[in-house]
Amino acid sequence: MSDKATFEFLCRMGDNTLVLGHRVSEWCGVAPVLEEDIALANTALDLIGQTQMWLGLAGEIEGRGRTADDLAMTRDAWDFRNVLLAEQPNGDFGQTMMRQFLFDAWHLAMLQALTRSCDTRVAEIAAKAVKEVRYHVERSGDTVIGLGDGTEESHRRMQAALDLLWPYVGEMFIPDAVDDAMAEAGIAPDLTELRAGFDSHVGSVMEAATLTIPDTDFAHKGGKSGFRHSEHLGHMLTQMQWLQRAYPGASW
Amino acid sequence: MSDKATFEFLCRMGDNTLVLGHRVSEWCGVAPVLEEDIALANTALDLIGQTQMWLGLAGEIEGRGRTADDLAMTRDAWDFRNVLLAEQPNGDFGQTMMRQFLFDAWHLAMLQALTRSCDTRVAEIAAKAVKEVRYHVERSGDTVIGLGDGTEESHRRMQAALDLLWPYVGEMFIPDAVDDAMAEAGIAPDLTELRAGFDSHVGSVMEAATLTIPDTDFAHKGGKSGFRHSEHLGHMLTQMQWLQRAYPGASW
Amino acid sequence: EPQERAFQERINAGEKIEPKDWMPAGYRKNLIRQIGQHAHSEIVGQLPEGNWITRAPTLERKAILLAKVQDEAGHGLYLYCAAETLGVSRDELTEDLLSGKMKYSSIFNYPTLTWADMGAVGWLVDGAAIMNQVPLQRTSYGPYARAMVRICKEESFHQRQGYDIMMKMAQGTPAQKRMAQDALNRFWYPSLMMFGPSDADSVHSAQSMAWKIKMNTNDELRQKFVDQTVPQAEYLGLTVPDETLEWNDDKGGYDFAEPDWSEFFDVIKGNGPCNVERLAARNKAWDDGKWVREGLLAHAEKRASKKVAAE
Amino acid sequence: EPQERAFQERINAGEKIEPKDWMPAGYRKNLIRQIGQHAHSEIVGQLPEGNWITRAPTLERKAILLAKVQDEAGHGLYLYCAAETLGVSRDELTEDLLSGKMKYSSIFNYPTLTWADMGAVGWLVDGAAIMNQVPLQRTSYGPYARAMVRICKEESFHQRQGYDIMMKMAQGTPAQKRMAQDALNRFWYPSLMMFGPSDADSVHSAQSMAWKIKMNTNDELRQKFVDQTVPQAEYLGLTVPDETLEWNDDKGGYDFAEPDWSEFFDVIKGNGPCNVERLAARNKAWDDGKWVREGLLAHAEKRASKKVAAE
């Protein structure tokens, strides 16, 4: 098991939280209701905090002196390793919450497994993060249920969001060489083994939300491998990295 | 008359066309009708071409070896000297065309006067640009008329666009120390003398468009002096300058 | 009117007025206006800072800014709750904000243009806000006073964070120093305006002070702010953009230039650099969120009726 | 049917069919489908390049890209006009695009992710398009053939510009070289797919070739494209992402790996990386533009009726 694979794996964890945290932070000040402004800021805050831990460890393991900030602020899109789901645009509030719930449900299962990682640093980060994410998924699940089983319009919008985002679920569970190496080394779980729990969790929330999971297992891929992100990530980075790019070497 | 004032003046001319050209180029591929896609691309193209000339001359006069690209791609917002009107967001198509017409009408008057500049380099650029801009203003004016005097909805939208943008007209005509120095040196006209022609031109188009010019002469300022741009410019630059910032020193 | 006299005596004695107590209509009306404007300011105040959240230069700075904006939304919530005890709902107040009938602090009609503005907003804008708010912890209306206690604690934290950003910038590269100075240049006078015009020109002042919903004159607070802020600017190595600024030994404070009050009244009238955008952003958020609020309400009603049916 | 036989003989003799000539229903239908898809491809093809116009690295590059996208809109216009001569309006074709009933080239369902993609699109995508289009200048339907003459001239210009971008990148910094190679890696197989599956699997091929609305087999054109492109890649110092690629002396061309046709059929079904976004962008443009089209039409009618009244 090479450090390179571990580095890749940690970038996946950290880029997921970085990119999704950024997306959520785009809602600042314009949520549908004040309580949501607060809750979304809180979620973004947790995700950015987790990013600091994952990318910090990634930089340490890489051993080239790169900090979490270096990794976040100076890699171009092709070096990002987040799943495609995380970088999808916010759309309306329903689409944002559907994206959040689908990610949270995977994230919770993943972090729970990672608390049993044979790498204690990984296990410790997971143990901290899992407490926050347990709360995230409860909230996003409740919102999906509330809006799915709300008015005709809210139901329609939530079904559209589910239809749009479902093809991005598969990537989170389809292992590649990095995932295989992690599983073999006991650092991370076998992703395929997380799927049944996810399906039953998501299935029951969607049932309560009166929403229908699309009958397709087509999966967009290319985010976590970095081979082919969507066009959205590059635009996000123009903002996220602006200051560090424009004023390199400054300290903030 | 110092070179510094001339440099400032040339940046104003070039930043106007750069920033407005960028805004117009944002329409690429999503205009309301194919002919407009073509026309908007054409306008953007002309404006970018004029930018190359104005900023090229600015860099020459500055004498620090900066090219038009250096000026466009590596100054931060506060060093931009475009009027606030140029950086306002596209809004709907009507807002874009109203912004275009108000700018074009000023631009034409300005360029016509600049063809008589005592600085032959300025006069030559103006002579080239004025031909393009004569066509721009004809087109944008026709569109303002067509939409103002179209349906109830198109009329309402055009009136809203005019109300929104009118407070950005004043800045183009209120001279400051740079403008005074230019006028005194015979490089550029006295801006206040352009206003009557503008008012009669715009007035007759608005009349044909059945639109009412707001009864206020309040003028937002701070763009051409650089003291206080709007929040929009900084966001535009994150995109416009991304590649040059991320890969400094590369040649493209 | 003996009721009014008794009310004024309670206030003079330093008693707190509570929601169920009798109060003059004018007291209620003035409080609703003042608390509502303050709540709206917290809400609209999210926007200029939100403008830089997606461009924060480090993960740490992004987290701090997110936490700050989250606090502001929380302050809005406390204040709307305090206003609700006076018989006006959050939705009513929101509609009045969105229609332009109610105001918010005019400072938020200025744009945030560089990262140093995040420092200047914390240092100067929150600094001026605290100057206004600290005395309001002793205001006569109980729910308002208690809300201010919570708010002031967090605000002074925000102010320190803002000053910390300015410090980093002022000690940074030449470009960062220039950003810091530029931010001070743009925010100095708007911050002075936050205390309002001289009390001589202020309509509501005398009665509000008698009712203890205003504790100091605008000019007192402005002077205090200048006296506190000038040494901080000096410590940062920045220049306050006022050539007339000078220490006055006699009054034990600084002499300083008045802001351009015509600009202030322009901003109040809706002609500030960002008035239109700020209101448009809040209106869009409210309109876009309608289906969400309705959806969640419909779901809550379904659940409630199911629960009743099951009982 | 003697009419059909006479028609086929005209085609065999190299005559052009013109709009008012008799033609078989199938010929008309196939042409509308083919020209319409081609027109739609020009329109949708603006989007992946539009994605980089606002991030073009220099003013010159921005101008070139703008001019290119403008040309593409122009090509769309020529082609819709050619289709209109067959009795179908531009709006009808547009509605069929927007509803998903008609297709556009599947290549535009791939994202453009770095500036090198602007090079790759010009070099590979326009290169493949030209390979398809050059023979169509000799197609049997007059208006279509004439549109293709104008289009081909501009396309080959675009292809050279694309290759020029690739050259700059390949000769540039290590990061630029990496961008160029990455773009080739992502666009190679999708470009090969542009010629469609092997003709053995293609439904329309035999009849279309007899009617001369298709001039070569898909496999012929693909081979020709590979043979032309591989040396260009070598000249750039880039590696074609196909380990099996090898010169075959016997056939006087390269042996190369087939693209993953299951991916191709996924994209056709709507599961490409950007299908949903591309159609959503066009639908939004069309819906948002409704008031504009209606407004301009209403104005034109008012003017026309005023003119009539004045006569």
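Q: How many salt bridges does the rule find across the interface of chain A and chain C?
A: This is a predicted model: local features need pLDDT of at least 70, side-chain atom pairs count only at pLDDT 80 or more, and totals for chains, interfaces and linings use all residues. Residues are numbered from 1 along each chain as its sequence is written, chains are lettered from A and ligands numbered from 1 in the order in which they are written, and side-chain values use heavy atoms, with hydrogens and water left out. A salt bridge needs a side-chain nitrogen of Lys or Arg within 4 Å of a carboxyl oxygen of Asp or Glu. Across the interface of chain A and chain C, the rule's count is two.

Q: Which side chain of chain A meets Arg90(C) in a salt bridge?
A: The N to O distance is 2.5 Å. The partner of Arg90(C) is Glu35(A).

Q: Which helix of chain A gives the most to the side that touches chain C?
A: Helices here are DSSP runs (H or I, at least four residues; strands are E, at least two), numbered from the N terminus. Elements giving two or more residues to this side include helix 1 (3–25), helix 2 (34–62) and helix 6 (120–148) of chain A. With 11 residues, the top contributor is helix 2 of chain A.

Q: What share of the area buried between chain A and chain C do carbon and sulfur atoms give?
A: In contact (heavy atoms within 4.5 Å) are 48 residues of chain A and 48 residues of chain C. Buried area is the accessible area (1.4 Å probe) that two parts lose on being put together, summed over both. Here it is about 4,000 Å², and carbon and sulfur atoms give 68%.

Q: Is helix 1 of chain A roughly parallel or roughly perpendicular to helix 10 of chain A?
A: Their axes come within 11 Å and cross at roughly 75°. Axes are lines fitted to C-alpha atoms, for helices over the stretch in contact, with angles from 0 to 180 degrees between N-to-C directions. Under 35 degrees counts as roughly parallel, over 145 as roughly antiparallel, 65 to 115 as roughly perpendicular and the rest as oblique. So helix 1 of chain A and helix 10 of chain A are roughly perpendicular.
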